[in-house]
Amino acid sequence: AIPSTLGIALSFILMPVAPNFWWLVAAYCLYHIANDFGSGATEILKQEIVPPPQRGRASALASWIGNLASLAFYGLALGRFEDVNFFAGFPVNGEQAIYWGIAAMIFCVGFFMMLGIKESPQDSPLRGQRLTLKTFVGGLSDRNLWPVYLLIVGWTVSGAGLGALTALLYSEQWGFTKQEMGINIAVGGVLN
């Protein structure tokens with residue numbers, strides 16, 4: 001999870017200063033590769049360190065924090081994307097400030113995980129067996145994992161939406177500014 005966190009933070013540092021489209025694509029790919037390697041491990045680690053009786057409350061709290069972060073981004077930060085301010089004599093636009101602020105928070109999370117979180121030893125019926133295609137497929141097809149696979153498929157299907165095209169729908173098709181788009185999404189988030 002730590003290398004993933006560092007890769008995600010690095011991609012957020014690089015995206016707003018990409019000198020051309022291909023550098024931006026490379027930073028975007030770095031983000032997704034790092035996120036794919038770490039998101040599963042981080043989710044599992046979150047569930048492991050929270051005691052079972054508190055997992056429902058922890059999940060609800062994480063959802064609330066995510067919603068508040070989304071409201072803050074869309075309601076406050078998105079409209080400041082093109083603003084330019086000077087920091088120690090250097091111009092910093094809103095996009096850079098947002099991306100670099102997120103990178104700083106991600107570095108803090110990685111530092112916290114490095115120093116403060118320890119994994120519990122895992123008991124597995126596959127532990128100690130030689131890794132072969134048969135044991136690998138057998139471990140993946142374990143009946144105890146079927147509910148997990150159902151959750152993954154359900155989450156993926158329900159979260160697909162328009163993805164990155166949503167912003168273009170607001171700005172290009174409907175003619176909203178970034179600030180108007182952010183306020184609309186923030187108000188919808190409050191109602192939601």
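1. Two strands count as paired if DSSP finds at least two bridges between them. Under that rule, strand β1 (residues 84-87) and strand β2 (residues 90-93) pair in the antiparallel sense, over four bridges. Helices (H or I, at least four residues) and strands (E, at least two) are taken as DSSP runs and numbered from the N terminus.

2. Basis of the note. The model is predicted, so local features need pLDDT of at least 70 and side-chain atom pairs count only at pLDDT 80 or more, while totals for chains, interfaces and linings use all residues. Residues are numbered from 1 along each chain as its sequence is written, and side-chain values use heavy atoms, with hydrogens and water left out.

3. Overall make-up. The protein has eight helices and two strands. Read from the N terminus, the order of elements is α-α-α-β-β-α-α-α-α-α. Of contacts (heavy atoms within 4.5 Å) between residues at least 6 apart in sequence, 59% join residues at least 24 apart.

4. Burial and surface. A residue is called buried under 20% relative accessible area, exposed over 50%, and partly exposed in between (1.4 Å probe, protein chains only). Buried residues account for 18% of the 192 residues in the protein. The protein exposes about 14400 Å², of which carbon and sulfur atoms supply 70%. These areas come from the Shrake-Rupley method with a 1.4 Å probe; for residues, only the protein chains shown count as cover.

5. The hairpin. β1 and β2 form a hairpin with two residues between them. Phenylalanine 87 stands opposite phenylalanine 90 in β2. Alanine 88 lies in the loop between β1 and β2, and its phi is near 55°, a positive value in a residue other than glycine. Alanine 88 counts as exposed because its relative accessible area is 65%.

6. Valine 84. This residue belongs to strand β1. Neighbours within four places in sequence aside, valine 84 is in contact with Pro91, Val92 and Asn93. The C-alpha atoms of valine 84 and glutamate 95 are separated by 9.0 Å, the two residues being 11 apart along the chain.

7. Helix α1. Serine 4 sits in helix α1 (residues 2-14). Its relative accessible area is 8%, so serine 4 is buried. The C-alpha atoms of leucine 10 and alanine 27, 17 residues apart along the chain, are separated by 8.2 Å.

8. Nonpolar patch. Leu131, Leu133, Phe136, Val137 and Leu140 make a nonpolar surface patch of about 540 Å². Patches are made of residues with over 30% relative accessible area and no salt bridge; like charges are joined within 9 Å, and nonpolar side chains (Val, Leu, Ile, Met, Phe, Trp, Tyr) within 5 Å. A salt bridge here is a side-chain nitrogen of Lys or Arg within 4 Å of a carboxyl oxygen of Asp or Glu. Leucine 131 is placed in the loop between α4 (94-116) and α5 (133-140). With 69% relative accessibility, leucine 131 is therefore classed as exposed.

9. Cysteines. A search of the whole structure finds zero disulfides, a disulfide being a pair of cysteine sulfur atoms within 2.5 Å. Cysteine 29 is partly exposed because its relative accessibility is 38%. Cysteine 108, at 53% relative accessibility, counts as exposed.
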